[in-house]
Amino acid sequence: SELQVARDIQMGMLPKKFPPFPSITAFDIYAALEPARQVGGDLYDFFFVDKDHLCFTIGDVSGKGVPAALFMTVTQTLNKTKAAAGRSPGEILTSVNRDLSMENPSYMFVTLFLGILDIRTGEMEFCNGGHNPPYIIRANEAIEAMDLTDGLALGIESDFSYRSKKTCLGKGDTVFLYTDGVTEAMNQKKDLFTQKRLEQGLSLLKGQPLDRISAGIMEQVKAFSEGEPQADDITMLILRFHGPANQGDGAEG
């Protein structure tokens, strides 16, 4: 019963209402998390830092169970606390990492990707702290892995300085973020799902509604696993840019 309460608290911290901003037409966003145990260490989140800039993030904590869930909760809280208007993703991760590293007797760490999208222009600034590189599915159907930013997983080195990079989303471009529970899903032969199979799956699903892309990848992973028990949390976050925000779009407040 205590584990169930912990799961309810943990899942309650994640946004689960889709579409989350029905009055905003500049983008769509969807996310799903399937924990391997009652509680897990994956996280995702998205929120506005001001009316024109959407912050979105995905992460994977080392280990599993209650310790990972606690570390995940602290990380998610710090992300929201440190993310403020005008701060770059690199600055946010530098500050979050410093706090996570200071009081970390169990030497846990979290891989984390954080992006900030300007919904007026499609410009996206991002920083990757040791996480799987997300994919951009362009409107012309080309699929490309996003650049790495040479960032360490957070919680390891307290004085590490993270840096950001920028890219631009065009009308109809889709960003696909995931944790390694997707690519490292294993079948009975101990083969891994791999990034190659993920890319093939995205090629088949590109252009579909975001919830269908998420469900389709999950179906492919489960079919590949051949009934093998899920060994790691599986999390996906998908963002599609529809073009510059119309007048009146943007987050309130």
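The crossing of helices H5 and H6 is right-handed, a crossing being right-handed if the near helix is turned clockwise from the far one by less than a right angle, and left-handed if anticlockwise. The structure is a predicted model, in which local features need pLDDT of at least 70, side-chain atom pairs count only at pLDDT 80 or more, and totals for chains, interfaces and linings use all residues. Residues are numbered from 1 along each chain as its sequence is written, and side-chain values use heavy atoms, with hydrogens and water left out.

H5 spans residues 194–205 and H6 residues 210–225; the two pack at an angle of about 140 degrees, with their axes 10 Å apart. Helices (H or I, at least four residues) and strands (E, at least two) are DSSP runs, numbered from the N terminus. Axes are lines fitted to C-alpha atoms, for helices over the stretch in contact, and angles run from 0 to 180 degrees between N-to-C directions. H5 and H6 are therefore oblique to each other, given that angles under 35 degrees count as roughly parallel, over 145 as roughly antiparallel, 65 to 115 as roughly perpendicular and the rest as oblique. On the H5 side the contact (heavy atoms within 4.5 Å) is made by Arg 197, Leu 198, Gly 201, Leu 202 and Leu 205, and on the H6 side by Arg 212, Ile 213, Gly 216, Ile 217, Gln 220 and Phe 224. Six of these residues are nonpolar, three polar and two charged; Ala, Val, Leu, Ile, Met, Phe, Trp, Tyr, Cys and Pro count as nonpolar, Asp, Glu, Lys and Arg as charged, and the others, Gly among them, as polar.

Helices H2 (residues 65–82) and H3 (residues 89–102) also pack at an angle of about 140 degrees, with their axes 9 Å apart. That makes H2 oblique to H3, and H2 passes H3 in a right-handed crossing. Phe 71, Val 74, Thr 75, Leu 78, Asn 79 and Lys 82 of H2 meet Ile 92, Ser 95, Val 96, Asp 99 and Leu 100 of H3 in the contact. The contact comprises six nonpolar, three polar and two charged residues.

The largest pocket has a volume of about 250 Å³. Pockets and cavities were found on a 1 Å grid over the protein atoms alone: a cavity is a set of points where a 1.4 Å probe fits but cannot get out, a pocket is an open set with protein on both sides within 12 Å along at least five of seven lines, and lining residues have an atom within 4 Å of a point. The lining of the largest pocket holds 16 residues, with Ala 185, Pro 229, Gln 230, Ala 231 and Asp 232 nearest its centre. H6 gives the most to this lining, with three residues. By class, six lining residues are nonpolar, three polar and seven charged.

The second largest pocket has a volume of about 170 Å³. Its lining numbers 13 residues, of which His 53, Gly 86, Arg 87, Ile 116 and Glu 125 are the closest to its centre. Strands S2 (42–50), S4 (110–118) and S5 (123–129) each supply at least two lining residues.

One cavity of 30 Å³ or more is present. The largest cavity contains about 40 Å³ of space, and its lining has five nonpolar, three polar and two charged residues.

A cis peptide bond, with omega about 0 degrees, joins Phe 18 and Pro 19. Asp 150, not a glycine, has a positive phi of about 60 degrees.

Definitions and conventions:
Points joined across faces, edges and corners; volume = space filled by probe spheres on them.
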